[in-house]
Amino acid sequence: MGVADHTHRRPDLRRSVELFRAFKVEQTDPARFYGLLARDTVAQVSQWTALTGQRVLDVGGGPGYFADAFEAAGASYAGLEPDAGELTAAGITGQNTLRGSGLALPIADASVDVAFSSNVLEHVPAPRVMADEMVRVTRRGGLIYLSWTPWLSPWGGHETSPWHYLGGDRAANRYAEKMGHRPKNDFGTSLFACPISEMLDWTREAEQAGRVRRVAVLPRYHPWWAHWVITVPGLREVVSWNAVIVLEKR
Ligand SMILES: C[S@@+](CC[C@H](N)C(=O)[O-])C[C@H]1O[C@@H](n2cnc3c(N)ncnc32)[C@H](O)[C@@H]1O
């Protein structure tokens, strides 16, 4: 089964507001935020491929926040996570999860139907390598879903935001001074600048090499009528908040 053309499901403003409200309680009520995000994301992915019976690999899936939502949609879910601490975070048992890195997936070529990744590219030093790996393990006609927070997004610096606008090192050092410990998302170690332009360049090269077909590029949380922002160089880096690239493996 191949990937359907983008059917323009119409995500409205109410959905964006709901996600934003839940995001504000991510630290205090993670189950609410991640439950809502997972259901929303699986609904989004479903517009491009029917998930029933599909093998989904969630690269950098943490403890498996998205497992229940993918399984409720009929998919067979496997997570991949390098960090043992993340695997057991949030009291989730991390079922069906492999230890490994997205930069060298311990998985055979063309062995999954959907290679999925949410908010991981900005945490690896070589996002193009991770994207290449996700293409490699996807079968022909399968779907690759990449979503991440671009560096110039208001949340680009994660907990060091908005000081990252003055430089990643400066923002991380300022955080460390103020809080007495390094940020979890420490610039140059566990957080890197991953602009949309870089992943669009990678997409263009992969398309030219005949490895993928571009299915959609959009700002993940925006209502449909604001999707155009992702087409404007410069502006898109700041206002997309979170970028999504969806590809079909050729
Ligand atoms: C912000 S969390 C995202 C978790 C989940 N995917 C989500 O959307 O909520 C980033 C995750 O990327 C993982 N990660 C960091 N480096 C990685 C790598 N080289 N390969 C795969 N995952 C990695 C982290 O351990 C962490 O679980």
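Hi everyone! A word on ground rules: residues count from 1 along each chain as its sequence is written, and side-chain values use heavy atoms, without hydrogens or water. Because the model is predicted, local features need pLDDT of at least 70 and side-chain atom pairs pLDDT 80 or more, while totals for chains, interfaces and linings use all residues.

Let's start with the domains. The protein splits into domain 1 (13–151 + 192–249) and domain 2 (157–191), with bounds from an automatic or database domain assignment. Their centres, taken over C-alpha atoms, are 24 Å apart. In the contact (heavy atoms within 4.5 Å) we find 8 residues from domain 1 and 12 residues from domain 2.

How much area do domain 1 and domain 2 bury between them? About 790 Å², 60% of it on carbon and sulfur atoms. Buried area here is the accessible area (1.4 Å probe) that two parts lose on being put together, summed over both. On the domain 1 side, His123, Trp151 and Phe192 lose the most, together 73% of what that side buries.

Now the largest pocket. A pocket is an open set of points on a 1 Å grid over the protein atoms alone, where a 1.4 Å probe fits, with protein on both sides within 12 Å along at least five of seven lines; lining residues have an atom within 4 Å of a point. The largest pocket holds about 1,500 Å³, a volume filled by probe spheres set on grid points joined across faces, edges and corners. Of its 49 lining residues, Glu26, Tyr34, Asn119, His123 and His158 lie nearest the centre. The largest share, 6 residues, comes from helix α1; helices (H or I, at least four residues) and strands (E, at least two) are DSSP runs, numbered from the N terminus.

Next, charges. Side chains of opposite charge can pair when their charged atoms come close. Our rule for a salt bridge is a side-chain nitrogen of Lys or Arg within 4 Å of a carboxyl oxygen of Asp or Glu. One joins arginine 55 and aspartate 113 at 3.0 Å, N to O. Arginine 55 sits in β1 and aspartate 113 in β4, 58 residues apart.

Finally, a backbone detail: the peptide bond from serine 161 to proline 162 is cis, with omega near 0 degrees. Proline 162 lies in the loop between β5 (138–148) and α6 (168–179).
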